[in-house]
Amino acid sequence: MIEISAKEVPEIRARMADWARDPGLDGAGNWFRFFLGPHPPGASDSYVFDRVDDVAATIAGTLAVQLPASELFYVSSIMTELARHAASSLPDYRLHPEDLPSPVGFMVYAQPPVPGTASGPHDDVCIVSWGPGRGGVWVHTWAPTSMSPAQRGVVQIGRNLAKADHHDALQRARAAAARNLPPPSPDNKPATSEEAADLWGAHLLTTWLPNLERAPIPPSFCPPHGYEWCALTPMEFTEMEGWPDGVSDSQSSVAAESKIALQRTILATWLLMGQTLVHSERVHAPRAARRRIETLDPAIGTAVRYIDLRRSRTESSGHSTDDREKSGREYHHSWIVRGHWRNQYYPSRNENRPIWIDWHRAGPDDKPLIGGERVNVLRR
């Protein structure tokens, strides 16, 4: 996967916002109606949606409002690695609105934060958008459109079918379903390539029949901005033991452990962004990109907050020279303190909040390091 740069983020968001507001067949409204439907499996069991809610329309409408208004963030590779590591030991915590880096946000990771741990498109998730929603905050995850050979074939069939009249496409899907053919498999291998193509095409048409009965096929089939919507997680401001299951376009294929790994990494990123070990600076889109963005929406912003680590400390504040003199201790070695979460009490909340204590070298600088030297290279 090609790493996204911070300067690309404003244009990515602008294209996604334009798609979210597009009322045509290639816009978000029709995309969600076709792929998700008004009442996707699992949505009726959510505390966020009622059985009478049109889930697809609600999600599309929310994105149309949130994406243009979101503050942009870019998380560097080294910051992404820290968030992934810190998430593995993150204690259960009650999220507060002020823990979010902004009320409405659009955050791009330089690389997928949990590669190799999730199935389906969640393995490649690199964009997170959020904003107020029923029950707390709605968090959307996005991944680059997969273009494996198999996916390219499916996309091409979908695009060709979208060129046909919707009624004709619907009739073809109903005819394919009436044939009741078994799906392609090693035990059901056609004799010729033509028969294989026919079987595969009939299987896809049968699979898409429910989709075609509720909406036309989006002409681009995949979102034209190049990123697949993966899931919506309605996140409560409440005690957490992982996040609740969200509405997803591949609900049955995603392991709960993998989803929680991703979601807790996002939470760890938010918490780390509010701490002093993080450095933030503003980056703007290139001039050519700003012109393209202006044609989509002259009012949309082009500044990104670049999130990176500050230079690591060499001395823990808990082991300063003054402290050693007061305690009367004399250390004969220095040592590495591993990164860890520590609960810090906040009187205004009357409760603890996790803060990350980054790794640091403790003890006197002029004493040998137990375990040998450690070298870290941070991109600046």
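Mentor: Before we look at the cysteines, note that a disulfide is a pair of cysteine sulfur atoms within 2.5 Å. This is a predicted model, in which local features need pLDDT of at least 70 and side-chain atom pairs count only at pLDDT 80 or more, while totals for chains, interfaces and linings use all residues. Residues are numbered from 1 along each chain as its sequence is written, and side-chain values use heavy atoms, with hydrogens and water left out.

Trainee: How many disulfides does the rule give, then?

Mentor: The count is 0 disulfides.

Trainee: Where do Trp208 and Phe221 lie?

Mentor: Trp208 is in helix α7 (residues 193-212) and Phe221 is in the loop between α7 and β5 (227-236), so the pair ties together parts that are 13 residues apart in sequence. Helices (H or I, at least four residues) and strands (E, at least two) are DSSP runs, numbered from the N terminus. Trp208 and Phe221 are both buried, and they belong to one aromatic cluster whose members include Trp19, Trp31 and Trp229.

Trainee: What about Trp341 and Trp356, how are their rings arranged?

Mentor: Trp341 and Trp356 form an edge-to-face pair, with 5.3 Å from centre to centre and 70 degrees between the planes. Trp341 sits in strand β10 (residues 340-346) and Trp356 in strand β11 (residues 351-357), 15 residues apart, so that the pair links distant parts of the chain. Both residues are buried.

Trainee: Which of these does Ser89 touch?

Mentor: Setting aside neighbours within four places in sequence, Ser89 is in contact (heavy atoms within 4.5 Å) with Trp341 and Trp356. Ser89 itself lies in the loop between α4 (77-87) and β2 (105-109) and is partly exposed at 41% relative accessibility. Its C-alpha atom is 7.4 Å from that of Trp341, although the two residues are 252 residues apart along the chain.

Trainee: Another loop, then: where is Asp53, and what does it touch?

Mentor: Asp53 is in the loop between α2 (28-35) and α3 (55-69), and it is buried, with a relative accessible area of 13%. Not counting residues up to four places away in sequence, Asp53 touches Pro38, His39, Val48 and Arg134.

Trainee: Last topic, which residues touch the most other members of the largest nonpolar core?

Mentor: They are Phe32, Ile59 and Phe106, in a core of 42 residues. A second, separate core has 36 residues, among them Val75 and Leu267. A nonpolar core is a set of buried Ala, Val, Leu, Ile, Met, Phe, Trp, Tyr and Cys residues joined through side-chain atoms within 4.5 Å.

Technical notes: Buried < 20%, exposed > 50% of the residue type's maximum accessible area, 1.4 Å probe, protein only. Phe/Tyr/Trp six-rings, centres within 6.5 Å; stacked < 30°, edge-to-face > 60°.
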